[in-house]
Structures are given as structure tokens and as C-alpha cells.
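Please examine the sequence and the three-dimensional model shown below.

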Amino acid sequence: MYNCDSCTICCKFMGVEELEKPRNLWCQHCKIGEGCTIYETRPESCRVYECVWLKTQVLENPMPLALRPDKSRVVIGTANKGEDLILYVGPDRPDAWNKGGFREFITNFQKKGVNFTVCCGEIMTKI
Ligand code: SF4
Ligand code: SF4
């Protein structure tokens with residue numbers, strides 16, 4: 001099974017309720033680019049979390065390495081029972097979703113009727 005390898009970016013972009021960790025701040029337990037220092041006892045929400053990029057790695061056509069969240073600076077999540085996608089970006093690179101291969105990825109899925117929302121901190125923008 002594929003794993004996150006050296007990507008640890010959701011440990012920054014996503015909030016973790018159990019730890020009262022807000023979005024866009026590195027978790028105090030993250031060894032950036034290496035992994036979780038409390039892996040065995042990490043909170044439940046961390047245990048179950050898989051971004052969309054990671055989920056696609058078991059598919060016939062997985063998302064490419066260039067779009068892995070630590071490289072693209074975009075973490076993809078789902079909304080509307082998996083019908084639509086949310087693109088989480090950091091305030092330091094709020095336009096990361098509009099760069100490189102990501103724009104093409106979005107256009108392809110928009111043609112199939114998928115709606116996208118960009119989430120930067122508390123600001124949600126439909127694109
Ligand atoms: S953003 Fe995705 S690939 Fe990166 S560490 Fe989190 S779950 Fe793994
Ligand atoms: S507890 Fe571990 S897995 Fe959860 S956000 Fe912190 S570093 Fe990441």
C-alpha cells in the first residue's frame with residue numbers, strides 16, 4: 001500500500017480538534033518531511049485522515065507525484081458526500097491551486113461536473 005512518504009503537509013494545513021491545533025500552523029508533533037513523532041498515540045482524526053491525492057494512489061490512474069501536496073502546496077479534500085472537492089492552500093501561497101499541472105487537473109474534473117472550493121484559512125472561495 002502506498003504511503004505519504006516525505007509529505008507531512010496536512011500536519012500544517014489541516015486543523016486537529018483533539019490537539020486544538022488550528023489550520024495553517026505546523027503541529028508541534030510533526031517532524032517536517034519525516035512524519036509524526038507521536039505516531040502510535042496520534043489522535044483519531046489523524047489516524048483516519050487521507051487526502052484525495054493519497055486515496056488515488058491505489059487507483060489505476062493515480063494522481064502524479066508532482067501534485068503530491070508537499071510539492072503542489074494544495075491538499076485536496078472532499079465535500080458534498082464526495083461529489084465535490086475542496087482545495088486547501090496556505091496563506092503564503094494562496095494561488096498554488098492555479099499553478100502548473102493543478103489547473104489542468106481542475107479543468108478536467110470541472111468538465112465532469114465536479115465543483116471546487118478553495119479554502120485558505122477561514123476564507124472559502126468557489127472557483
Ligand atoms: S497531505 Fe496527503 S499525502 Fe501529504 S501527508 Fe497528508 S495525507 Fe499524506
Ligand atoms: S499528531 Fe501527528 S499526524 Fe496528527 S497533525 Fe500532529 S504530527 Fe500530524
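Is arginine 73 buried or exposed? Arginine 73 is buried, with a relative accessible area of 16%; here buried means under 20% relative accessible area and exposed over 50%, with partly exposed in between, for a 1.4 Å probe and the protein chains only. The model is a predicted one, in which local features need pLDDT of at least 70 and side-chain atom pairs count only at pLDDT 80 or more, whereas totals for chains, interfaces and linings use all residues. Residues are numbered from 1 along each chain as its sequence is written, chains are lettered from A and ligands numbered from 1 in the order in which they are written, and side-chain values use heavy atoms, with hydrogens and water left out.

Arginine 73 is located in the loop between H4 and S3; helices (H or I, at least four residues) and strands (E, at least two) are DSSP runs, numbered from the N terminus. Its phi is positive, about 65 degrees, although arginine 73 is not a glycine. A positive phi in a residue other than glycine also occurs at lysine 81, where the value is near 55 degrees. Lysine 81 belongs to the loop between S3 and S4 and is exposed, with a relative accessible area of 86%.

Phenylalanine 13 counts as buried at 2% relative accessibility. Residues up to four places away in sequence not counted, phenylalanine 13 touches Arg23, Asn24, Arg73, Val74, Val75, Tyr88, Val89 and Gly90, where contact means heavy atoms within 4.5 Å.

Beyond its neighbours within four places in sequence, valine 52 is in contact with Ile76, Gly77, Thr78 and Leu85. Isoleucine 76 also provides a reference point for leucine 54: 22 residues separate the two along the chain, and their C-alpha atoms lie 9.4 Å apart. For valine 52 and alanine 96, which are 44 residues apart along the chain, the C-alpha separation is 16 Å.

The next element is helix H5 (residues 100-111), in which Phe102, Phe105 and Ile106 are buried. Why do these buried residues line one face of the helix? Seen down the axis of H5, they fall within an arc of 95 degrees, so they line one face; the arc is that of the directions from the helix axis to the C-beta atoms. Gly100, Glu104 and Lys111, on the other side of H5, are exposed. The buried residues of H5 pack against helix H4 (69-72) and the strands S3 (75-79), S4 (84-89) and S5 (116-120). After H5 comes glycine 113, with a positive phi near 90 degrees.

Helix H4 contains proline 69, which counts as buried at 3% relative accessibility. Not counting residues up to four places away in sequence, proline 69 touches Cys7, Ile9, Cys51, Trp53, Val74 and Val75. Proline 69 and cysteine 4 are 65 residues apart in sequence, with a C-alpha to C-alpha distance of 9.6 Å.

Around ligand 2 are Cys11, Val16, Leu19, Cys27, His29, Cys30, Cys36, Ile38, Pro43 and Cys46. The shell around ligand 2 divides into 9 nonpolar, 1 polar and no charged residues.

Terms used: A residue is near a molecule or strand if one of its heavy atoms lies within 4 Å of it. Ala, Val, Leu, Ile, Met, Phe, Trp, Tyr, Cys and Pro count as nonpolar, Asp, Glu, Lys and Arg as charged, and the others, Gly among them, as polar.
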